[in-house]
Amino acid sequence: MTAGCWKVEAVVRERRVYVGAAQAAKFENLPAKLDTEELPGGRRWLRKLDKLAIAQRWRSRFFAEEQLAADTHWTLLYKELGKPARHITGCGAFPENWATFIDCLNELPNVVIQQENHLEYVRFLLIETVPVRQGRRQTMVELREKLVLDRRKRMILYNRHKEDFGTERHAYELPKSVSRLLDELDKMAPFESRLTARNLSSDDKSAHLVVRWQRHDRVEAGLSCHYDAEDMPGDWKVFLQDLHEVMGGIHGRFFAPERFAAAQKQPAAN
């Protein structure tokens, strides 16, 4: 997030929303009291905030399990009419809809909180020719497996289509797992920088991926690569194992571990 500190306040009085904001290099330099002004379209902004379901979905404390190079400390005082106030804190960890929350704050006057340009959406399309036995005869058919991780929809979608044999579809609503898996792809470095992009010829019948993604800045991009250990990141097998477990052990060529060299998780620093 942006270097330095932010203090943002939104208060509802007599069905009107009043907001104020201040930025400082250090926490102690933030003003104790903010000057507020009425927000045009304030009730529309409140409806967006209400959709985040902060009181229902956010727990009281968010702390990173692993030591971070640069921690972000934050605190939120949240009060709804007729309900107890919530005091929520975090250190290097955030709710799954945190990015949407910051977008909501950035709609307020004088608020420009820059956040990490994380993955919002990624789609993997595996295309491979596989043998299929029909009676005594074996034929080669095209297999397409599509896997989508979508942070905004909080979903994992997996479709498998085998030529002349139909399509099977699976959908999983797993908000915490989706956010964690997308963040895991970027753990070492942006995941697209760790793929080996290739211009695949039409006569290349080996297994390959067509990858599309969108980051928080809404810019879409994509590439193609072979689906093997040479083109995929070194920790891809670990990611697949985690994904496979989250999806309940589903079977498919996308999850075939024999394609990739063994990968070990790095030991935690003492």
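The model is predicted: local features need pLDDT of at least 70, side-chain atom pairs count only at pLDDT 80 or more, and totals for chains, interfaces and linings use all residues. Residues are numbered from 1 along each chain as its sequence is written, and side-chain values use heavy atoms, with hydrogens and water left out.

View 1. Helices (H or I, at least four residues) and strands (E, at least two) are DSSP runs, numbered from the N terminus. Axes are lines fitted to C-alpha atoms, for helices over the stretch in contact, and angles run from 0 to 180 degrees between N-to-C directions. Contact means heavy atoms within 4.5 Å.

**View 2. Helix H4 is largely enclosed by the rest of the structure, because eight of its 11 residues are buried.** Buried means under 20% relative accessible area, exposed over 50%, and partly exposed in between (1.4 Å probe, protein chains only). The buried residues of H4 are Pro175, Ser177, Val178, Ser179, Leu181, Leu182, Glu184 and Leu185. Their cover includes strands S7 (119-134), S8 (137-150), S9 (155-162) and S10 (166-173), together with H5. Within H5 itself, Gln241 is partly exposed at 44% relative accessibility.

**View 3. Strands S4, S6 and S5 form an open sheet in the order S4-S6-S5, with mixed pairing.** S4 and S5 stand at the edges with a single partner strand each, so one side of each lacks a neighbour in the sheet. Neighbouring strands are turned by 5 degrees against each other on average, direction ignored. Two strands pair if DSSP finds at least two bridges between them. S4 (residues 61-63) pairs with S6 in the parallel sense over three bridges, and Phe62 stands opposite Gly90. S5 (residues 73-78) is joined to S6 by six bridges in an antiparallel arrangement, where Leu77 stands opposite His87. S6 (residues 86-91) is mostly covered, with five of its six residues buried.

**View 4. Leu209, in strand S11 (residues 208-215), is buried, with a relative accessible area of 0%.** Beyond its neighbours within four places in sequence, Leu209 is in contact with Phe124, Leu125, Leu126, Leu223, Ser224, Cys225, Tyr227, Met232 and Phe254.

**View 5. Residues 263-270 have pLDDT under 50.** pLDDT is the predictor's confidence in each residue, from 0 to 100. The model has five contacts beyond four places in sequence for residues 263-270. Where pLDDT is low, the predicted coordinates should not be read in detail. For the protein chain, the mean pLDDT is 88, and 93% of the residues reach 70 or more.
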